[in-house]
Amino acid sequence: MAAHKTIAVIGAGAWGTALANAVANPERTVILYARDGAAAERIATSRFNPKLPGIRVNDDVILTADIARAATAGTILIAVPAQNLREAIDEMAPHLAAGTSLVATAKGIERGTHKFMTEILGETAPRAVAAILSGPSFAQDIARGLPTAITIAAKDAPAAAALAYKLGTPAFRPYHTTDVRGVEIGGAAKNVFAIAAGIVIGRKLGASALAALTTRGFAELMRFGEAFGARPETLTGLSGLGDLILSCSSPQSRNLSFGIGLGEGKSLSAATGGRLVEGAFTAQVLLEMAKARAVDMPVTEAVTAVLGGQLSVKDAIDMLLMRPFKAEA
């Protein structure tokens, strides 16, 4: 297998399987890595993954539980949760060739370190080319071949463009940019606001309140992005506003569904439905980073207080409604 024509996806969950399906075609070699050897064998034999029900895994996708084999690919998509990214790269790093393109696909910020995804890639695999893929996308849509547009960012413009060309298909359309930080901020922050939007829905506060919450959440995203050097056009693009709109409007969003559960009065554990919710990990980190740069983030603060048990959902809503009237900005 020629490394430059091989794409590996690390993580055989719903998202990783969907990405493998999206980029697979007869002209590429696509490897899907599952940590569990038995799971890899079951998917390879049945061509179905229980984590992505009802979707057949493309026949062009090769399953493996051998991380060294997956690491030989020229382009590697890392489809693991944000808090597990460092561990995944540490495991793979000894097998990576210099110049390998590593593309993070998680939407989050590392707790404790406040590191963005490409910063973790740079620390753990310094000889690789770090990139981030984000945007309005659900695993089921991508896996079924429905039209989806996302953003891929790398610091080097030719590298970003090359990745877009290598990963793109008529249905899976990557737009490229060098605004790495803007793409990372949009993906991470929108999860927190989707939780807030879900709470509004769960409390049956109405469509007007949902529109207001989403808009004010976007204002926070813009303020935070500006403080961390993101470009306005990135935050108003696919990986910012586009992803926020999707996540705040569809029950396919884990973060929105989680928020709905909280709004309905469910406990934190019951509201997750047994699924990982990235926004639940990101809220506290986002707030800590905002406070460090004096960025006003009232919606983020309310969500963080609810998740940390400092405020009830009712009290958090009251806190937002009691804020002083001011000019829109």
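How many aromatic pairs does the count come to? In this predicted model, the count comes to 2 aromatic pairs.

A pair of aromatic rings is described by the distance of the centres and the angle of the planes. F116 and F228 form an edge-to-face pair, with 6.5 Å from centre to centre and 75° between the planes. F116 lies in the loop between strand 5 (101-104) and helix 5 (117-124), whereas F228 lies in the loop between helix 9 and helix 10, so the pair ties together parts that are 112 residues apart in sequence. F224 and F228 form a stacked pair, with the centres 4.5 Å apart and an angle of 25° between the planes. F116, F224 and F228 together make up one aromatic cluster.

Residues under 20% relative accessible area count as buried. F116 is therefore buried, at 3% relative accessibility, and F224 is buried at 0%. F228 also counts as buried, with a relative accessible area of 16%. The ring of F228 has a further neighbour in R293, whose charged end sits over the ring, 4.0 Å from its centre.

Helix 11 was examined next. In helix 11 (residues 238-247), the buried residues are S239, G240, D243, L244 and S247. These residues lie on the same side of helix 11, because they cover an arc of only 110° around the axis.

Terms used:
Residues are numbered from 1 along each chain as its sequence is written. This is a predicted model: local features need pLDDT of at least 70, side-chain atom pairs count only at pLDDT 80 or more; totals for chains, interfaces and linings use all residues. Side-chain values use heavy atoms; hydrogens and water are left out. Buried means under 20% relative accessible area, exposed over 50%, partly exposed in between (1.4 Å probe, protein chains only). Helices (H or I, at least four residues) and strands (E, at least two) are DSSP runs, numbered from the N terminus. The arc is that of the directions from the helix axis to the C-beta atoms. Rings of Phe, Tyr and Trp (its six-membered ring) pair if their centres lie within 6.5 Å; planes under 30 degrees apart count as stacked, over 60 as edge-to-face and the rest as tilted. A charge sits over a ring if NZ of Lys or CZ of Arg is within 6 Å of the ring centre and within 35 degrees of the ring normal.
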